[in-house]
Amino acid sequence: MNPLTYVEHYPHSLQQQVQRLIDEEKLGLYLLKKYPTTHTISGDKALYAYVIALRSEFLRKSEPLSRVSYDGKISDINDALGLHRTTIKNHGGRLRSKSEIRIATLFKTAPEPFLKMICVHELAHLKEKVHNKAFYALCEKMEPSYHQLEFDVRLYMTHLDLFGKLY
């Protein structure tokens with residue numbers, strides 16, 4: 001695996017900085033200095049409450065969520081760290097929709113800002129289905145540090161692949 005897989009679309013100068021951290025085995029120290037602790041949201045009920053609180057603050061008029069859970073089947077191999085799904089069923093001539101969000105289990109032991117970033121990302125899909133300017137503007141509205149956190153999650157994923165668990 002290319003050690004820079006998760007950051008390959010960033011500028012070359014940034015990739016060089018990441019490669020230097022990897023070569024000097026300081027990537028973990030960098031992440032631990034910025035994010036020294038993990039969160040305590042380990043169960044699906046707590047995750048549901050966490051996401052509903054974010055939704056209530058920023059997306060009151062969006063469709064309700066029927067389920068929020070950690071999912072061990074989600075893998076970064078599919079370029080996914082979280083999934084959102086809406087199902088529509090016909091009940092006696094009436095259409096009913098259910099929305100759910102699933103978060104990769106690796107976020108059970110991640111820093112809280114990383115969990116928030118992925119939850120914000122999936123919540124934004126309730127309103128904006130595709131990754132466009134409006135989508136990322138909504139992500140930034142819900143989490144002003146969204147882009148930095150996305151980059152740091154990519155560094156975290158790199159560390160997991162190369163060196164194993166950080167916490």
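**Helix packing, cysteines and selected residues**

At 0% relative accessibility, Cys139 is classed as buried. This description rests on a predicted model. The sulfur of Cys139 lies 12 Å from the closest cysteine sulfur, that of Cys119, and this separation is too far for a bond. Cys119 is likewise a buried residue, with a relative accessible area of 0%. For the sulfur of Cys119, the closest cysteine sulfur is in Cys139, and the 12 Å between them is too far for a bond. A disulfide requires the two sulfur atoms to be within 2.5 Å. The structure accordingly holds 0 disulfides.

Both cysteines also take part in contacts between helices. Cys139 of α5 is among the residues that meet α4, and Cys119 of α4 is among those that form the contact with α3. The two helix pairs are considered in turn. Two packed helices are described by the angle between their axes and by the distance between those axes.

In the pair formed by α4 and α5, helix α4 comprises residues 112–127 and helix α5 comprises residues 133–142. Their axes come within 9 Å and cross at roughly 130 degrees, which means that α4 is oblique to α5. The crossing of these two helices is right-handed. On the α4 side, the contact involves Lys116, Val120, His121, Leu123, Ala124, His125 and Lys127. On the α5 side, Phe135, Leu138, Cys139 and Met142 meet them. Sorted by class, the contact of α4 with α5 has 7 nonpolar, 2 polar and 2 charged residues.

In the pair formed by α3 and α4, helix α3 spans residues 44–58. The axes of α3 and α4 come within 10 Å and cross at roughly 60 degrees, and α3 is therefore oblique to α4. This crossing, too, is right-handed. From α3, the residues in contact are Leu47, Tyr50, Val51, Leu54 and Arg55. From α4, they are Glu112, Leu115, Lys116, Cys119, Val120, Leu123 and Leu126. By class, the contact of α3 with α4 has 9 nonpolar residues, no polar residues and 3 charged residues.

Helix α6 covers residues 146–163 and includes Gln148. With a relative accessibility of 38%, Gln148 is partly exposed. When residues up to four places away in sequence are not counted, Gln148 touches Tyr30 and Lys34. Gln148 and Glu24 are 124 residues apart in sequence, and their C-alpha atoms are 22 Å apart in space.

His159 is also found in helix α6. At 7% relative accessibility, His159 is buried, whereas Gln148 is partly exposed. Apart from neighbours within four places in sequence, the contacts of His159 are with Leu27, Gly28, Leu31, Gly164, Lys165 and Leu166.

The loop between α1 (12–23) and α2 (27–34) contains Glu25. The phi angle of Glu25 is near 55 degrees, a positive value in a residue other than glycine. Glu25 is exposed, with a relative accessible area of 61%.

Key: Residues numbered from 1 in each chain as written. Predicted model: local features only at pLDDT ≥ 70, side-chain atom pairs only at ≥ 80, totals over all residues. Heavy atoms only, no water. Axes fitted to C-alpha atoms, helices over the stretch in contact; angles between N-to-C directions. Helix = DSSP H or I, 4+ residues; strand = E, 2+ residues; numbered from the N terminus. Parallel < 35°, antiparallel > 145°, perpendicular 65-115°, else oblique. Left-handed = near helix turned anticlockwise from the far one by under 90°. Contact = heavy atoms within 4.5 Å. Nonpolar A, V, L, I, M, F, W, Y, C, P; charged D, E, K, R; others polar. Buried < 20%, exposed > 50% of the residue type's maximum accessible area, 1.4 Å probe, protein only.
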